[in-house]
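I opened my notebook to look through this structure piece by piece. Here is what I looked up, in the order I got to it.

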Amino acid sequence: MLYSKETYKLQQEFTRWCRTGEEIHLENTRPEGLKQYRRLLRNNINNTMKQAFPIAVSILSEKEWATLIDDFFAGHDAQTFQVWKLPFEFYQFVSKQSYGITFKKPYLSDLLHFEWIEIDVHTMPDQIPEPFKKKGDPKKDRIEVNKEYRLIKLNFPVHLYAAEESKNHTGNYFLLAYRHPDNFEVRFVDLPALHTLFFEKIAQEGKSVQEILKEIGEASSPELMPEIEKNISKFVETMFDQKIFLGYQHIYKN
Amino acid sequence: MVKEDINIGLGFRREIAGNFLEEGGLHPDFIEVAPENWIDMGGYWGDVFKKVTDKYPLILHGLSLSIGSPEEPDWAFLKKVKQFIKDYHVAVYSDHLTFAKMDNAHLYDLLPIPFREDAVKHVVQRIKEVQDFLERPLTLENASYYTSVAAEMTEQQFISSIVEESGCNLLLDVNNVYVNAFNHKYDAREFIDAMPLGRVTYIHMAGHYKIQPDLIIDTHGEAIIDPVFDLFDYTIEKMAPVPVLLERDFNFPEMEELKTEMDKLRTICKKNWTSDVVQQGNI
Ligand SMILES: [Fe+2]
């Protein structure tokens, strides 16, 4: 760095003021001009978050929202060079600092997560699937999954109920958000635990339905299996209809 | 990218995206985007971006290079930019003569570098490093600013020294010259005269907003005012033809209004840069 210590310090103080609004004495600056910078920078962060989290904005009081924005801007060192990805860092910041507890809105973190994944799935880089067959055996063949998805776990079902109401239905909820390959639309699917298990093993471990059923069969009582098989076969069919499952992999099994 | 001497471009923004692809829409000679808004973008917008860049030549005008930061350039970011330049056959990569990152935090806006000798040295070194990495010259824009910070030289001296010593090119924003001249009470034409006009790769034109009687904010959200058109006319008369971009970032008007502004820019360019018109004028 070829800046003198003095110039470096000037820049630090300048940006410190922008982020915190703390009184500074920068010689040879125009105070109204300096004020504009704090206003413009904070507005930029505020507008980005308002756009990303319309539901959270609507359920928090103005004061609570302003607290989040001020604390985030002053206290979080933004890492992404792409401001449209900053809402993810905001969600993480709010979650880590437990603002949901402070505001007595324990669902806040889940709500931000839910709102963020819609942006995430909408914008994520295209994930080109491997070449796949349209026809196959849904039980034995390995399934090619649409990779443009996120699967998240929520304790408050903010995707099913109004935020306040979600407090009365806490539990383990699995939410799959994916991009429909025909029109790029983001769609949400609420997955029961059993389907989540199957989905993860198919999508992440590349297992066939039959292989997973075998694993489950070894751990559960045999009389349950026919019901599970029926249930899973319906689930697989629905996943194909929704274009979350795309087709069958070209795999040569021995 | 130049089809003929006169090239009038328009910033490609999501809000007006449809106008770039529809029949009878806007047909600029080229478009300009911030790479930060499009790198790694997939889905619907990735698809639109592919279509638009298939149709128009592209200039990149970035936001996060932060050439005036004390810290190291973000090489991971620049690697992505380099690839993006390759993928989209980009003619020019520009950013601003400002800083946007400090103490390991992005600030997402353009902050004024103190106009000082040590800052010139620092920025020159950074520009050289970035140019070496990208294997192409960098183009930097004279930014608008609402206060200088403990300046020890004029803005003209600051910009000229950096351009001269680093070998970078200049993106001359004529509206910014007008805004700065108004806010900091100097003469805009004298400022233009002091610029290294031979190093200007392209020009920005935009609107601004007077927030109080003695302060203008560079919003890119209004129509270009006549004194800025006049300053543009004054400027380009002294220059060889370069592409000219209309910057409009929000508060978008009817398409017709943008067309009219682009037509007006074209007329002024033709007046100054088309030889037969010049000859006619001499008769
Ligand atoms: Fe500009």
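Before anything else, a definition I needed: two strands pair if DSSP finds at least two bridges between them. One caution for myself is that this is a predicted model.

**Entry 1: the barrel in chain B**

I started with the strands. In chain B I found a closed barrel of eight strands, running E1-E2-E3-E4-E7-E8-E9-E12, with parallel pairing. From one strand to the next, the twist averages 30 degrees.

E2(B), residues 30–33, and E3(B), residues 58–61, run parallel and are joined by three bridges. I looked up Glu32(B) and found that its bridge partner in E3(B) is Ile59(B).

Next I asked what packs on the sheet. Helix H3 of chain B (residues 75–87) does, touching E3 and E4 of chain B. The direction of H3(B) makes about 145 degrees with that of E4(B). Helix H9 of chain B (residues 255–273) packs on the sheet too, and touches E1, E9 and E12 of chain B. For H9(B), the angle with the direction of E12(B) is about 155 degrees.

**Entry 2: a residue in a barrel strand**

I zoomed in on Ala206(B), which sits in strand E9 (residues 200–206) of chain B. Is Ala206(B) buried or exposed? Its relative accessible area is 1%, so I wrote it down as buried, since the cut-off for buried is under 20%.

Which residues does Ala206(B) touch, not counting those up to four places away in sequence? I listed Asn175(B), His220(B), Ile224(B), Val228(B) and Glu247(B). I took Val228(B) from that list and looked up a distance: Ala206(B) and Val228(B) are 22 residues apart along the chain, and their C-alpha atoms are separated by 8.4 Å.

**Entry 3: a hairpin in chain B**

Phe99(B) has Leu111(B) as its bridge partner in E6(B). Two residues lie between the strands of this hairpin, and Asp103(B) there takes a positive phi near 50 degrees.

**Entry 4: helix pairs in chain A**

Over to chain A. H1(A), residues 5–20, and H4(A), residues 62–75, pack at an angle of about 160 degrees, and their axes are 8 Å apart. That angle makes H1(A) roughly antiparallel to H4(A). The crossing is left-handed. On the H1(A) side I noted Arg16(A), Cys18(A), Arg19(A) and Thr20(A), which meet Phe73(A), Ala74(A) and Gly75(A) in H4(A). The residues of this contact divide into three nonpolar, two polar and two charged.

My other pair was H2(A) and H5(A), with an angle of about 85 degrees and axes 10 Å apart. They are therefore roughly perpendicular to each other. Ile45(A), Thr48(A), Met49(A) and Ala52(A) in H2(A) meet Leu86(A), Pro87(A) and Phe90(A) in H5(A). Here I got six nonpolar, one polar and no charged.

**Entry 5: a loop residue in chain A**

Last, I looked at Asn28(A), in the loop between H1 and H2 of chain A. Its relative accessibility is 56%, so Asn28(A) counts as exposed. Leaving aside neighbours within four places in sequence, Asn28(A) is in contact with Ser148(B), Val149(B), Ala150(B) and Ala151(B). Asn28(A) and Lys134(A) are 106 residues apart in sequence and 70 Å apart in space, C-alpha to C-alpha.

Key: Residues numbered from 1 in each chain as written. Chains lettered and ligands numbered in written order. Predicted model: local features only at pLDDT ≥ 70, side-chain atom pairs only at ≥ 80, totals over all residues. Heavy atoms only, no water. Axes fitted to C-alpha atoms, helices over the stretch in contact; angles between N-to-C directions. Helix = DSSP H or I, 4+ residues; strand = E, 2+ residues; numbered from the N terminus. Parallel < 35°, antiparallel > 145°, perpendicular 65-115°, else oblique. Left-handed = near helix turned anticlockwise from the far one by under 90°. Contact = heavy atoms within 4.5 Å. Nonpolar A, V, L, I, M, F, W, Y, C, P; charged D, E, K, R; others polar. Buried < 20%, exposed > 50% of the residue type's maximum accessible area, 1.4 Å probe, protein only.
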